[in-house]
Amino acid sequence: MTTKPLRGIRVLDLTHMLSGPYAAMLLADLGAETIKVEPLQGEGTRKLLADDPENAIDGMGAYFITLNRNKKSTAIDLKHEAGREVFYDLVRIVDVVISNFAAGVPERLGIDYATLVEINPKIITCSISGFGSAGPNYRRPAFDMVAQAIGGGMSITGLDADHPVRSGIPHGDLCGGMFGAMGVLTALIERGVSGQGQHVDISMQDCQLSLLNYMATMHFLSGQNPTPLGNAHFVHVPYDTFRCRDGFIVIAVITDGFWQNLKKVVQINEFEDSTLDLQPGRLANQAMINAKLNERLSGDTVANWLQQLEEHRIPCAPVNKFSQALTDPQALHRNMIVELKHPSGQSTKGPGNPIKLSRTECESFDPAPLLGQHTDEVLTELLDYNPTRVNQLRSEGIVA
């Protein structure tokens, strides 16, 4: 069997909630041996949906089942000096320590980069926080919607400027996790050259600003603040969501050639006006074009319109509900829907890993662990503690 690409990399995962666990999940999916270090009462996400019979298995909710697959769990009291000594022993034999504590917490606990690099000069640490590790506002608390709002993207999401809307997908958190994983991999590659570790400092605000991309440059050039356009586009027409008899589709006409093909499909008399053949004319008549398309498309089904549009190579798609998106044949072909097991043997399904490699592709998804499930294994096999010492640590409430 082909080995996973990050085999041989060992990660200590101190994360909680969403952004940090997602970063560590990506690394674990790719083969990093990921040891989740939890407080004795368990990481807070264990409780989310845990008592919801529709969204949990044996007291483990959907958050934890998904975000902590392929990880091991060891429970250590990092607030206790003896617990930190156990943690430091682990730091000596790992490559990465990743966390998403509030600003100042790693320093108070003695698990920050400045402390850990004295123990292991090759250690790579990664912190994911709302605003980074320095600056006038870096101590502010932040969760997903805070990041979306302060990063500017929320101001252009929705139907109008009076009703800002956050993204339905929590990309404030998830982008912090994605950039965190990228930062760790970058530091690992650099360490292969220099032989030295370093700290990866990820700010959720920074990530959101990065996503503004060309629109930020447009703002600096024009001095204007963009406003929400719903699902429309400020250049391309038609580029929007349209109602069919039994649902919605999107059509994205971004070239004049696509417009000519669309005219053949929908056969709307008003579209034969030659002033619409070029983009400026369509933009000037956006409201009319969208209204006529909605009127025409509402007379038939999503499936029939998609068939005709696809035959003419017009960019289009159904607006899928989860039940449709998660059963899409293309997604299934690419193993993007996978089995997620519970340690009890029960299982559900969830998203796979989108990173597909040609040679070292070997996808597998071990169950998210029970609290402290691997404490004995980690302490005896990795740290070579004898059973007497482990039992003493347990009896003293240092590990669980």
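Gln-267 sits in the loop that links α9 (256-266) and α10 (279-284), where helices (H or I, at least four residues) and strands (E, at least two) are DSSP runs numbered from the N terminus. Its phi is near 50 degrees, a positive value in a residue other than glycine. With a relative accessible area of 59%, Gln-267 is exposed; buried means under 20% relative accessible area, exposed over 50%, and partly exposed in between (1.4 Å probe, protein chains only). The model is a predicted one, in which local features need pLDDT of at least 70 and side-chain atom pairs count only at pLDDT 80 or more, while totals for chains, interfaces and linings use all residues. Residues are numbered from 1 along each chain as its sequence is written, and side-chain values use heavy atoms, with hydrogens and water left out.

Asn-70 also has a positive phi, of about 65 degrees, although it is not a glycine. This residue lies in the loop between α2 (62-67) and β5, and at 12% relative accessibility Asn-70 counts as buried. A further backbone feature is the cis peptide bond from Val-237 to Pro-238, with omega near -10 degrees; Pro-238 belongs to the loop between α8 and β9 (239-244).

Turning to the sheet, 6 strands form an open arrangement in the order β5-β2-β1-β6-β7-β8, with parallel pairing; two strands pair if DSSP finds at least two bridges between them. β5 (71-75) and β8 (199-203) stand at the edges with a single partner strand each, so one side of each has no neighbour in the sheet. On average, neighbouring strands are turned by 20 degrees against each other, direction ignored; axes are lines fitted to C-alpha atoms, for helices over the stretch in contact, and angles run from 0 to 180 degrees between N-to-C directions. Within the sheet, β6 (residues 96-99) and β7 (residues 124-129) pair in the parallel sense over 4 bridges, and Val-96 has Ile-124 of β7 as its bridge partner. Helix α7 (residues 171-194) lies across β6, β7 and β8, at about 160 degrees to β7, contact meaning heavy atoms within 4.5 Å.

How many residues make up the largest nonpolar core? It has 29, and those with the most contacts inside it are Val-11, Leu-27, Ile-98, Cys-126 and Ile-128; such a core is a set of buried Ala, Val, Leu, Ile, Met, Phe, Trp, Tyr and Cys residues joined through side-chain atoms within 4.5 Å. Two or more residues come from each of α1 (19-29), β6, β7, α7, β8 and α8 (204-222). A second, separate core of 26 residues includes Leu-14, Ile-35, Leu-78 and Tyr-88.
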